[in-house]
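Welcome! Take a moment to look over the chain before reading on.

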Amino acid sequence: MTKAGLENRVAIVTGAGTGIGRGIALELARKGAVVIVHYSSSQRGATETVEMIERAGGKALPERANLEQVDACVGLIETTAKNHGRIDILVNNAAVSTEAAVLDVSERLWNQTINVNLRAPFFCSQAAARFMISQGGGRIVNIGSIHGFISFPACGPYASSKGGLNMLTKQMAVELAPHHICVNCVAPGTVEVERYFSQFDNYDRESAAVSIPVGRVGFPTDIAPLVAFLCSDEAGFLTGQTIVVDGGQSSIISSNRPKEAFPWIDKGNRQESP
């Protein structure tokens with residue numbers, strides 16, 4: 001495993017058992033970080049991520065926490081700091097992706113989405129920042145979405161949470177900058193992950209790429225290197241930014257083209273576990 005730039009730094013990646021989170025965990029480990037692979041319910045996925053990192057010569061450990069609970073968010077940070085002596089990097093990746101029309105959104109659905117997608121990043125970051133301040137600095141990267149900029153039908157709670165994450169990134173960046181903590185956000189477009197094949201019967205890459213100017217869907221390997229860069233010393237003058245990584249998708253999609261944007265998604269509810 002080639003190590004460059006993040007040697008011996010301790011990184012927490014939430015929701016790292018699959019998809020984008022796994023890709024980020026693998027990349028940070030490849031750069032030399034010790035990675036805490038967070039999971040909420042599926043230990044199997046987290047274990048697989050850890051095994052992949054270890055086979056490549058890196059260091060990683062799984063850690064469970066239900067991010068719907070504030071105490072669990074704080075506990076994840078405190079346990080990591082206690083076991084490893086420091087926290088250098090926090091990547092708030094875990095999210096639930098829920099779909100329901102505005103008139104059909106229940107209080108439970110709204111609360112779950114906001115709690116995991118927005119409240120958890122806030123309290124995880126708050127707890128991590130306190131340790132980072134004591135050690136002289138750190139990096140926080142939030143994983144947002146183009147849904148934070150563009151409206152699509154039946155995505156109210158999810159879009160609201162991701163839009164809020166954009167502003168949370170700016171607010172934390174301003175307040176934590178004097179403590180040498182950089183806070184940024186990466187907003188992916190359509191990125192192919194494992195759940196697409198199990199949740200969407202008609203998913204195929206060609207259909208998903210219809211509205212993407214570069215002509216293909218994204219993959220976790222398109223997101224992870226940018227996150228690793230934002231966690232590096234080279235990004236020390238970059239903070240408060242939301243960087244869109246979507247192959248140009250958001251440049252041509254407007255809210256009146258939802259079917260062209262995601263032609264392979266049927267109506268109904270969908271959810272991604274954190």
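Is D88 buried or exposed? At 10% relative accessibility, D88 falls under the 20% limit and therefore counts as buried. Keep in mind that this is a predicted model. D88 has a charged partner, R86, and their closest N and O atoms are 2.8 Å apart in a salt bridge. R86 itself is partly exposed, with a relative accessible area of 32%.

**The sheet**

Let us turn to the strands. Seven of them form an open sheet with parallel pairing, in the order β3-β2-β1-β4-β5-β6-β7. The edges are taken by β3 (59–64) and β7 (242–245), each with a single partner strand, so one side of each has no neighbour in the sheet. On average, neighbouring strands are turned by 20° against each other, direction ignored.

H38 has E63 in β3 as its bridge partner.

Three bridges join it to β1, and the two run parallel; here I12 has L90 in β4 as its bridge partner. Four bridges join β4 to β5, again running parallel, and N92 is partnered with N142 in β5. In a regular strand, side chains alternate between the two faces of the sheet. In β4, I89 and V91 point one way while L90 and N92 point the other way, and all are buried.

**Helices across the strands**

Helix α3 (residues 70–84) lies across β1 (10–13), β2, β3 and β4 (89–92), and runs at about 155° to β1. Helix α4 (residues 107–135) lies across β4, β5 (138–143) and β6 (181–188), running at about 175° to β4. Together, β4, α4 and β5 make a right-handed β-α-β unit.

**Charged pairs**

Side chains of opposite charge can pair when their charged atoms come close. The count of salt bridges here comes to six, including these:

| Salt bridge | N to O distance |
|---|---|
| D233 and R9 | 2.9 Å |
| E48 and R22 | 3.2 Å |
| D88 and R86 | 2.8 Å |

D233 is exposed, with a relative accessible area of 51%.

E48 counts as partly exposed at 31% relative accessibility, whereas R22 counts as buried at 12%. Both belong to a network of salt bridges that links R22, R44 and E48.

**An aromatic pair**

The structure holds one aromatic pair. The ring centres of F122 and F123 are 4.9 Å apart and their planes stand at 85°, so the pair is edge-to-face. The angle is over the 60 degrees that this label calls for. F122 is partly exposed, with a relative accessible area of 31%, and F123 counts as partly exposed at 23%.

Key
Residues are numbered from 1 along each chain as its sequence is written. This is a predicted model: local features need pLDDT of at least 70, side-chain atom pairs count only at pLDDT 80 or more; totals for chains, interfaces and linings use all residues. Side-chain values use heavy atoms; hydrogens and water are left out. Two strands pair if DSSP finds at least two bridges between them. Axes are lines fitted to C-alpha atoms, for helices over the stretch in contact, and angles run from 0 to 180 degrees between N-to-C directions. Contact means heavy atoms within 4.5 Å. A salt bridge is a side-chain nitrogen of Lys or Arg within 4 Å of a carboxyl oxygen of Asp or Glu. Buried means under 20% relative accessible area, exposed over 50%, partly exposed in between (1.4 Å probe, protein chains only). Rings of Phe, Tyr and Trp (its six-membered ring) pair if their centres lie within 6.5 Å; planes under 30 degrees apart count as stacked, over 60 as edge-to-face and the rest as tilted. A crossover is right-handed if, with the strands pointing away from the viewer, the path from the first strand over the helix to the second runs clockwise.
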